[in-house]
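Colleague: I have a model open and want to learn how to read it. Where do I start?

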Amino acid sequence: MRRCIPRSLTTRAAFAARCHHGASRPLIRLPSTRPFTFTSQSRQNAFHSQLEDSASSAILSSFKAAPQTPQTLTEKIVQRYSVGLAPGKKVRAGDYVTLSPHHCMTHDNSWPVALKFMSIGASKIHDNKQIVMTLDHDVQNKSETNLKKYQQIENFAKQHGVDFYPAGRGIGHQIMVEEGYAWPGTVTVASDSHSNMYGGVGCLGTPIVRTDAASIWATGKTWWQIPPIAKVTFTGILPPGVTGKDVIVALCGLFNNDDVLNHAIEFTGSEETMSSIPVDDRLTIANMTTEWGALTGLFPIDSVLKAWLRAKATASAVLGDGVALNQFAHTRIDDLIQNQLAADPGATYAKSLYLNLSTLSPFVSGPNSVKVATPLRDLEAQGIKLDKAYLVSCTNSRASDLAAAAKVFRDAALSGVEPKVAPGVNFYIAAASLTEQAIAEDLGDWQILLDAGAQPLPSGCGPCIGLGTGLLEPGEVGISASNRNFKGRMGSTEAKAYLASPEVVAASALQGKIAGPGWYQKPEGVEKVIIGEGNGNIEQDKAMSIEDALEKIIAQADSLISGAEQDVIGSKTSESNDGEETLTSILPGFPEKVEGEIVFCDADNINTDGIYPGKYTYQDNVSVEKMAEVCMENYDKSFRDVAKAGDILVSGFNFGCGSSREQAATAILAKKIPLVVAGSFGNIFSRNSINNALMGVEVPKLVQRLRETFKSAGEEGKMLTRRTGWKFLWDVRRSKVTVTEGEDGQTWSQKVGELPPNVQEIIARGGLEKWVKHQISA
């Protein structure tokens, strides 16, 4: 099992101080079908009019004002960081708010954000203490182009007095935590999808996109809709040999039907249960709530976190420099405790799930999907040989993780096994930050891994995002302690990638096949993982109120009726109407109708790596033609030839999940595809689409009909990208789509959500950046 690591906090603090220098939706879930836009009333002030006019924000916040009812922890934190609220307004899930986040982090994308910032006419950062810049993604790239970009970012940071961390100092998310920017009870955002990680220290972290970051630089604010909030209750305690990585891998794989898609998650449990989950494990769990589909992953501000903060503050006091670690002062922790936030009893959650930690064993994710989770013992029995192993990323490469990996090789030596990486296996290691590496070096763990044959990489994202040394080649199998194993993410689309805890990765590197270190101690009587809906307490779950029960029954009835309506298809033409037809105002010059032939990409969970490969993401000079050529490359290379300009791209559910890269939207536009239709969209893709003038609409029934019509005998014979011959027409004025199923097929229509004039204006202007520029110059 993992041994306790002496917290060399003075070393950690001193090293952090030496390495730091200060520079010196509109997409709402409408019932059944909708474009990714807002309902007309609540959407009218959801954009940058709020940023410039607090009165409009107050008007927005007054819509559907909730009574003074109990709030979740998420709602309480958002309440603190919302501006322009109407007097007495208590924010609730579903509300649109203007957020002024505590901090905003950008990384290698800082220069593209700076270009957006300057292009909209801004010249001065609104609050330079709000902004943090870190260089972490492409740190192995020593090309003249990349070094020039890095220098531009550093110069910009110095010019504006922004805190800046150079390449090699560490991964941005780790820096945000270890330097105290991600502070409990605050909202902290970053232009990266793994901002959820800040929830591990009780900080509401959520991703934004580049255009949002530019807005925060210029105004200090951006817009946000509070997601539906899910409560995940842990019961029991983690058995020896089970880690936070096993917890989140199991959650992703066992609750794998988009259970928490686009939700904010709050983790909770008894004091005994939560005491079994240290902060490092909480960071891992929160980090990978992104892969689970959530927008946040928030842990409580409890005794475990307070002890961690106190230790950091003590180290800061011993160091006494008052610069790098002044965020961890005991006085600030005292204030946090005196004004501690916690969810109110009786707070409303969209759903409740539970996991009994005592029943959990080591799990492995994959291959090539976080939705596939298998007990380690089952994969061990298969003898799956490996080519590469990785202990990298912000998810699992802190000192505790490096210590766990080093212990695998120490134990091997004690048992008479040569403590070396297996022949034919390449084992890559990179610390989450230089601070964490320094601790591992002080403890001897780093050297143990090097002596075993591990190959060190600079502290940064590297292989996790498919950049630099050690990528998976065609036909290879790799296992990683990172967060994402989408096809092609870590190299070739013809490779297989698994995810596991650091000790399993190390044991696998040692044995040359997927294997564990043998630390797991199975509790007596445990035969399977216990999960379910509710709180995991039988009596409490039985005591669900009559009101809640009735609401659930009504919702189920509505769902059944809606599903039945969708299943009914008329003879030649069928149409579902939701009452009296209402017409949407169309701005001059905006098309009243969008139509084209359907090209169908038949898959759920097509992620942003599949849409736009990571290896191009941080190349800022990629031409529009090249973007069009590589669009959907990691999903299906034939897409470039099958899809044509003017087509309507239709895909399955959770389209655009994964990272926050805006090129997932702009590459589709580069292909001259004006509209994407899906069963559902990942939230961050939806936000990026509107911000970059790509239209989208959700029509689950269309996905169902396409799959019924073009179903294949099995996955092997499945056509990934298909020209269907079907026609799709979106009547924007009538908020209605019409589908013609081939030359001799039926035609049917269905209502969708409205695309209101404010969203039309953003799209018509060419995206949010150009819209803001127009507003500034007007």
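This is a predicted model: local features need pLDDT of at least 70, side-chain atom pairs count only at pLDDT 80 or more; totals for chains, interfaces and linings use all residues.

Colleague: How are two packed helices described?

Modeller: By the angle between their axes and the distance between the axes. Take helix α6, residues 110-119, and helix α7, residues 144-160. They pack at an angle of about 55°, and their axes lie 9 Å apart.

Colleague: In which hand does α6 pass α7?

Modeller: The crossing is left-handed.

Colleague: Which residues of α6 and α7 meet?

Modeller: From α6, look at S110, W111, A114 and F117. They meet K149, Q152, I153, F156 and H160 in α7. By class, that contact has five nonpolar, three polar and one charged residues.

Colleague: Now α17 and α20. At what angle do they pack?

Modeller: About 35°, with axes 8 Å apart. Helix α17 covers residues 399-414, and helix α20 covers 502-511. Here α17 passes α20 in a right-handed crossing.

Colleague: Which residues make the contact of α17 with α20?

Modeller: On the α17 side, D401, A404, A405, V408, F409 and A412. On the α20 side, P502, E503, A506, A507 and L510. Sorted by class, this contact has nine nonpolar and two charged residues, with no polar ones.

Colleague: How does the lining of the largest cavity divide by class?

Modeller: Six residues are nonpolar, twelve are polar and six are charged.

Colleague: And the second largest pocket: what is its volume?

Modeller: A pocket is an open set of points. The second largest pocket has a volume of about 1100 Å³. Its lining has 48 residues, with A603, D604, N605, I606 and N607 closest to the centre.

Colleague: Which helices supply at least two residues of that pocket's lining?

Modeller: α13 (289-292) and α28 (683-691) each do. The largest share, three residues, comes from α13. By class, the lining of the second largest pocket has 16 nonpolar, 20 polar and twelve charged residues.

Notes: Residues are numbered from 1 along each chain as its sequence is written. Side-chain values use heavy atoms; hydrogens and water are left out. Ala, Val, Leu, Ile, Met, Phe, Trp, Tyr, Cys and Pro count as nonpolar, Asp, Glu, Lys and Arg as charged, and the others, Gly among them, as polar. On a 1 Å grid over the protein atoms alone, a cavity is a set of points where a 1.4 Å probe fits but cannot get out, and a pocket is an open set with protein on both sides within 12 Å along at least five of seven lines; lining residues have an atom within 4 Å of a point. Grid points are joined across faces, edges and corners, and a volume is the space filled by probe spheres set on the points. Helices (H or I, at least four residues) and strands (E, at least two) are DSSP runs, numbered from the N terminus. Axes are lines fitted to C-alpha atoms, for helices over the stretch in contact, and angles run from 0 to 180 degrees between N-to-C directions. A crossing is left-handed if the near helix is turned anticlockwise from the far one by less than a right angle, and right-handed if clockwise. Contact means heavy atoms within 4.5 Å.
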